[in-house]
Amino acid sequence: MSHQDTGGNNFAAMTNAWTTMTQNFLQGATAANRAAVSAMFPVDSRTASNGDSVPASIPSIDHSELEWSFDRTVDDPADIDVGDTVTFEKRLSEEDVRAFARISGDTNRLHLDDEFASQTRFGERIAHGTLVSGLISAALARLPGLTIYLSQDLEFSAPVGIDDRVSARVEIVESLGNAQYRLETTVRNEDDDEQVIDGEAVVLIDDHPE
């Protein structure tokens, strides 16, 4: 076998290895993306505070059944008013944190490496702040109508650990006209019984397309 043939075989082997690695990465990223989208927009019905079945505000893709819950005080977009609220609650699992790291590219070892995180001020791994605040988006998605984010201000006051149960609550505090509303947005760690995020959002609520 010539030196040139050996080089060609090595190149082919490297190409095959790279192709296999790329395919595995894309498959993992696709699965993570589906998990994250499902977390924000469920397709099935939930139970409102009055016990009635309420359809999710935004139709979406199928997903595995998860232990989520939500309550809202208004079911018709025409009835939305100051004082109306939505609360969305779920547990932030190990899978959620690792899926978010893959999707966002935020691979800070504080969120992924137990040994590293144990040496930080937190003493353990914590969930990404943006992942935790994402539950606000999940709550807004359950307002009746098609909710569109216009702005969001946030202040973080405490970390959330892996597998903590977290709830996001949004309350309409002002009607700005033209179907726009200002909302108070808060997130609580239900396991530690403390508020972890405080903020304010402005949204536009459109009618659903026919």
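Buried means under 20% relative accessible area, exposed means over 50%, and partly exposed is anything in between (1.4 Å probe, protein chains only). What you see above is a predicted model, so local features need pLDDT of at least 70, side-chain atom pairs count only at pLDDT 80 or more, and totals for chains, interfaces and linings use all residues. Residues are numbered from 1 along each chain as its sequence is written, and side-chain values use heavy atoms, with hydrogens and water left out.

View 1. Rings of Phe, Tyr and Trp (its six-membered ring) pair if their centres lie within 6.5 Å; planes under 30 degrees apart are stacked, over 60 edge-to-face, and the rest tilted. The count by this rule is 1 aromatic pair. W68 belongs to the loop between β2 (53–55) and β3 (69–72), while F88 is in strand β4 (residues 85–91), so the pair ties together parts 20 residues apart in sequence. Both W68 and F88 are buried. As for those labels, helices (H or I, at least four residues) and strands (E, at least two) are DSSP runs, numbered from the N terminus.

**View 2. R142 lies over the face of F70.** Here R142 is 5.7 Å from the ring centre. A charge sits over a ring if NZ of Lys or CZ of Arg is within 6 Å of the ring centre and within 35 degrees of the ring normal.

**View 3. Here is an open sheet of 6 strands.** Follow the order β3-β4-β6-β7-β8-β5, with antiparallel pairing; two strands pair if DSSP finds at least two bridges between them. β3 and β5 (146–156) are at the edges with a single partner strand each, so one side of each has no neighbour in the sheet. On average, neighbouring strands are turned by 20° against each other, direction ignored. Zoom in on β6 and β7: they run antiparallel and are joined by 10 bridges. A168 stands opposite V187 in β7.

**View 4. Helix α5 lies across β4, β5, β6, β7 and β8.** It runs at about 145° to β5; axes are lines fitted to C-alpha atoms, for helices over the stretch in contact, and angles run from 0 to 180 degrees between N-to-C directions. S133 has its place in this helix (residues 129–140). With a relative accessible area of 11%, S133 is buried. Contact means heavy atoms within 4.5 Å, and, leaving aside neighbours within four places in sequence, S133 is in contact with L154, F156 and I197.

**View 5. The largest nonpolar core has 33 residues.** Such a core is a set of buried Ala, Val, Leu, Ile, Met, Phe, Trp, Tyr and Cys residues joined through side-chain atoms within 4.5 Å. Which residues have the most contacts inside it? They are L92, V132, L183 and V187. Two or more residues come from each of β4, α2 (94–104), α5, β6 (165–177), β7 (180–189) and β8 (194–206). The largest share, 7 residues, comes from α5. In soluble globular proteins, nonpolar side chains tend to be buried together.

**View 6. T186 lies in strand β7.** Is T186 buried or exposed? At 12% relative accessibility, T186 counts as buried.
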